[in-house]
Amino acid sequence: MHKTHLDTSFIGHPKPLFGLTFTELWERFSFYGIRSLLVLFMIATLNEGGLELDRQSASAIVGIFAGTLYLATLPGGYLADNWLGQKNATLIGALLIALGHLSIALSVFSPFMFFLGLIFIVLGTGLFKTCSSVMVGLLYKQKDKRKDSGFTIFYMGINIGAFIAPLICGLVAKEYGWHLGFGVGGIGMLISLMIFYFKTIPDFKEFEAKVGIDSTWAKHAQSKNIALYTFIALALLSVFILLCGIGIIELNAVNISKNMIVIISGAALLYFGYLFFFAGLTPNERKNLIVFLVLFITATFFWSTFEQQPTSFNLFAQDYTDRIIFGWEIPTAWFQSINSLFIITLAPIMSAIWIGLSKKNREVSSIAKFNLGIIFAAISFAIMMLASYFVLNNGSMQVSPLWLIASYFFLTIGELALSPISLSLMTSIAPKMIRGQVMGLWFISLSLGNVVAGLVGGEVEADKLESLPNLFGNAVYVLLIMAIILFFLKNPLKRMLNTELEK
């Protein structure tokens with residue numbers, strides 16, 4: 001691609017990157033705003049404006065919500081690619097998410113509106129989530145060296161949204177009530193929608209005309225049956241929601257979580273078996289798929305602990321953390337911003353460390369980085385285990401917020417060591433013919449981890465104080481076992497990879 005054809009309108013990057021980054025920033029603001037309040041709202045008493053659910057059920061619902069979000073990206077991405085197109089899928093997704101926030105804000109009239117809102121957000125995110133990243137990728141030619149830094153800017157927007165959302169929504173919820181807190185998240189989604197419609201779409205069309213890429217705006221219709229099947233699925237879902245709403249079908253969140261874990265695990269293993277035996281892979285590709293399976297299992301355990309943030313960490317912050325500073329009580333939801341703040345500050349440092357080691361011929365292998373992520377997560381939960389012991393031995397039953405901050409610090413280092421490396425590694429080892437399917441299968445580990453995290457996180461209760469050290473301690477033991485297994489498998493796994501990856 002000749003230099004004269006480059007679009008450098010936005011700090012050296014294509015002009016649409018600005019709109020896409022801020023569209024994603026405000027969409028993530030809406031998501032992390034609601035996530036930081038979910039479990040706290042559901043366990044709050046009716047007098048406090050909450051739903052007065054037991055903690056196990058509330059935490060399980062958070063896990064189901066987050067888990068189905070990742071599952072929804074699979075059909076959502078398929079519909080965007082084969083029927084709706086990226087623009088239409090993003091617009092419809094944004095509208096559904098905004099409608100979900102509106103429904104949650106109106107749940108003051110009926111708890112049913114709250115759960116209906118969660119369903120709308122899941123459906124909308126399934127369409128929205130994949131399209132924004134796809135469109136960022138379309139801004140760059142395959143060998144454009146700006147691509148990595150472009151995605152860095154894009155992901156920085158994600159973390160800025162994730163950082164400010166709990167601060168604003170948490171404060172509004174504390175001072176003016178839960179429903180206004182949720183409503184602020186909905187406003188963020190409306191801002192995202194307006195930026196996309198009035199800024200991103202015009203910029204992208206201008207970019208297409210200037211540079212020339214395959215259009216993502218036209219409606220795709222590879223199969224008329226797709227529309228029919230989609231409407232049938234939505235009709236069945238609507239009937240199911242209606243039956244739940246009028247009380248004919250009663251659901252138990254904890255049982256649903258347990259069943260989801262079994263179903264998702266079984267389906268993932270069956271699909272892995274199908275790819276291994278019937279996808280026509282070469283011997284080397286089958287070896288890579290075995291490496292994928294090992295990392296998939298260990299990553300599931302990592303995410304099942306990492307995603308304790310909106311559940312057990314949130315509940316610990318509310319019940320056992322001294323949040324009084326100069327006579328003012330810090331909103332519990334504010335602690336949900338710590339992870340994003342550490343990502344923004346630590347990501348450049350971690351990147352510089354990897355680059356520096358590489359220049360000194362001390363490059364850390366991808367699998368070793370993956371294992372480091374698990375070890376740092378174990379350190380994070382060891383800190384929470386110690387904090388729990390201090391709670392047990394403290395007459396006031398509360399500890400300094402520094403315990404949570406320290407735990408978040410090591411958990412974020414673990415995320416930065418594992419998450420970006422795992423995505424890069426997956427794109428390298430996934431067989432070319434089924435790369436999209438393998439990446440979709442990889443994201444199922446996030447879904448499964450969220451469901452497990454929700455099931456475990458509800459055990460943080462004031463009347464179960466003695467169980468706190470065991471709760472966090474079990475996470476430490478599981479993570480260390482995974483790290484030890486991966487340490488001994490490191491060299492065999494590296495030998496199984498293709499020769500160009502054996503570094």
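# Briefing on a predicted chain

Glu329 is partly exposed, with a relative accessible area of 35%; in this text, buried means under 20% relative accessible area, exposed means over 50%, and partly exposed lies in between (1.4 Å probe, protein chains only). The model is predicted: local features need pLDDT of at least 70 and side-chain atom pairs count only at pLDDT 80 or more, whereas totals for chains, interfaces and linings use all residues. Residues are numbered from 1 along each chain as its sequence is written, and side-chain values use heavy atoms, with hydrogens and water left out.

**Overall form**

- The chain contains 15 helices and two strands, where helices (H or I, at least four residues) and strands (E, at least two) are DSSP runs numbered from the N terminus.
- Along its principal axes, the C-alpha trace of the chain spans about 70 × 50 × 45 Å.
- Of the 503 residues in the chain, 52% are buried.

**Salt bridges**

- Side chains of opposite charge can pair when their charged atoms come close.
- Nine salt bridges are found in a search of the whole structure, each being a side-chain nitrogen of Lys or Arg within 4 Å of a carboxyl oxygen of Asp or Glu.
- Glu24 and Lys129 form one of them, and their closest N and O atoms are 3.3 Å apart.
- Because Glu24 belongs to helix H1 and Lys129 to helix H4, this pair ties together parts that are 105 residues apart in sequence.
- Another salt bridge joins the side chains of Arg35 and Glu307, at 3.0 Å from N to O.
- Arg35 is in helix H1 and Glu307 is in the loop between helix H9 (283-306) and helix H10 (309-320), so this pair ties together parts that are 272 residues apart in sequence.
- Both Arg35 and Glu307 are buried.
- Arg323 forms a salt bridge with Glu329, and the closest N and O atoms are 3.4 Å apart.

**Residues of helix H1**

- Helix H1 covers residues 16-43, and Val39 lies within it.
- Val39 has 0% relative accessibility and therefore counts as buried.
- The C-alpha atoms of Val39 and Ala475 are 20 Å apart in space, although the two residues are 436 residues apart in sequence.
- Phe31 is also located in helix H1, and at 8% relative accessibility Phe31 counts as buried.
- A distance of 8.2 Å separates the C-alpha atoms of Phe31 and Ala165, which are 134 residues apart along the chain.

- Leu106 is in the loop between helix H3 (86-105) and helix H4 (111-138).
- With a relative accessible area of 36%, Leu106 is partly exposed.
- Helix H4 has 28 residues and reaches 42 Å from its first C-alpha to its last, close to the 40 Å expected at 1.5 Å a residue; the expected span is 1.5 Å times one less than the number of residues.
- H4 bends by about 30° at Thr125, the bend being the angle between axes fitted to the seven residues ending at a position and the seven starting there.

**Helix H10**

- Eleven of the twelve residues of H10 are buried, and the helix is mostly covered.
- Among the buried residues of H10 are Gln309, Pro310, Phe313, Leu315, Phe316, Asp319 and Tyr320.

**Helix H15**

- Helix H15 runs over residues 468-496, and its 29 residues should span 42 Å at 1.5 Å a residue; the end C-alpha atoms are 41 Å apart, which agrees.
- At Lys490, H15 bends by about 50°, and a proline, Pro492, follows within four residues.
- The buried residues of H15 include Leu468, Leu471, Phe472, Ala475, Val476, Leu479, Met482, Leu486 and Leu493.
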